[in-house]
Amino acid sequence: MNATITPVGGPELAERASRELEEATAQEIIAWAAETFGDGLCMTSSMADALMVDLASKAVPGIDVIFLDTGYHFPETIGTRDAVASIYDITLVNVEPTRTVAEQDLALGPRLHGRDPGICCHLRKVEPLKRALEPYSAWLTGLRRADSVTRRDTPIVQWDRRKLMTKVNPIARWTQEEVDAYIEENGVIINPLQYDGYPSIGCEPCTRRVAPGEDPRSGRWAGSGKTECGIHL
């Protein structure tokens with residue numbers, strides 16, 4: 001992981017860049033981020049697919065890619081992570097919570113994800129990501145406006161007030177058709193669960209298959225009323 005980077009940017013830069021880059025291509029947006037933030041730029045990936053990894057690694061070879069290893073992932077997701085790390089020109093940063101699943105069960109009781117998924121997500125995703133992002137000034141994400149109602153206003157560039165850093169969403173405007181076309185044209189690695197009814201992939205205990213026609217994210221925390229883990233709120 002990079003040494004601590006002097007922060008750059010701020011809300012004014014993010015707002016201006018978001019306006020100016022609204023019609024830019026994903027490649028142009030990533031190039032802007034690389035030029036603006038240099039070694040202070042990283043990206044995150046859930047390993048549902050390697051689309052953003054493919055885009056970022058071509059523009060910024062060796063870029064740090066943060067993966068949150070919650071201890072609850074499907075084996076297919078871990079396999080996708082390992083394949084991505086071996087094939088693409090990236091530096092994988094595998095980030096784990098401060099407690100193992102067993103240690104969390106001992107301290108807070110088993111199946112916290114079923115009793116209070118909000119706390120479980122905070123301990124195994126939100127807090128670890130906060131720690132992992134501290135050395136950086138900006139991060140690339142794969143958020144898209146078409147993902148869900150809660151993401152429909154996602155800007156191209158935004159200032160994360162909680163983390164005090166810039167968040168860049170190069171494919172925010174992409175439709176599912178554009179995603180599918182890029183994946184096919186570039187031979188992008190896909191988590192095999194996507195072919196088995198899991199269009200949105202999270203931790204195994206909190207993710208179910210989605211029926212045709214359902215909201216792609218409806219399989220996440222089904223029946224709990226929860227729609228986001230907290231990372232992007």
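**Close-up views of a predicted model**

**View 1. Arg111 sits in the loop between helix H5 (101-108) and helix H6 (112-115).** A quick caution before going on: what you see here is a predicted model. Arg111 isn't a glycine, yet its phi is positive, at about 55°. Is this residue, Arg111, buried or exposed? Arg111 comes out as exposed, because its relative accessibility is 54% and the cut-off for exposed is over 50%.

**View 2. Met47 is another non-glycine residue with a positive phi, here about 65°.** Look for Met47 in the loop between S1 and H3. Met47 has 0% relative accessibility, so it counts as buried.

**View 3. The largest nonpolar core takes in 41 residues.** Which residues have the most contacts inside this core? They are Trp32, Leu51, Leu55, Ile63 and Leu140. Several elements give two or more residues to the core: helices H1 (11-20), H2, H3 (51-59) and H8, plus strands S1 (41-44), S2 (63-68) and S4 (138-140). H2 gives the most, with 6 residues.

**View 4. Ala31 belongs to helix H2, which covers residues 26-37.** Ala31 has a relative accessible area of 40%, so it is partly exposed. How far apart are Ala31 and Pro170 in space, C-alpha to C-alpha? The gap is 10.0 Å, although 139 residues separate the pair in sequence.

**View 5. Arg131 and Glu127 pair up through their side chains in a salt bridge.** The N to O distance is 3.0 Å. Both residues, Arg131 and Glu127, are part of helix H7 (residues 117-133), where they lie 4 residues apart, or about one turn of the helix. Arg131 is partly exposed at 32% relative accessibility, and Glu127 is partly exposed too, at 27%. If you're keeping a tally, the structure holds 10 salt bridges.

**View 6. Asp147 and Arg144 form a salt bridge between their side chains.** Here the N to O distance is 3.2 Å.

**View 7. Lys163 meets Asp160 in a salt bridge, side chain to side chain.** The N to O distance for Lys163 and Asp160 is 3.4 Å. Lys163 has a relative accessible area of 18% and is buried, and Asp160 is buried at 10%. Elsewhere, salt bridges with shared partners link Asp69, Arg81 and Asp82 into one network.

**View 8. Glu177, Glu178, Asp180, Glu184 and Glu185 make up a negative surface patch.** Asp180, one of these patch residues, is found in helix H8 (residues 176-186).

Notes
Residues numbered from 1 in each chain as written. Predicted model: local features only at pLDDT ≥ 70, side-chain atom pairs only at ≥ 80, totals over all residues. Heavy atoms only, no water. Patch = residues over 30% accessible without salt bridge, like charges linked within 9 Å, V, L, I, M, F, W, Y side chains within 5 Å. Areas by Shrake-Rupley, 256 points an atom, 1.4 Å probe, with all protein chains shown as cover. Salt bridge = Lys/Arg side-chain N within 4 Å of Asp/Glu carboxyl O. Lys, Arg positive; Asp, Glu negative; His and termini not counted. Charge placed at Lys NZ, Arg CZ, Asp CG, Glu CD. Buried < 20%, exposed > 50% of the residue type's maximum accessible area, 1.4 Å probe, protein only. Core = buried A, V, L, I, M, F, W, Y, C linked by side-chain atoms within 4.5 Å.
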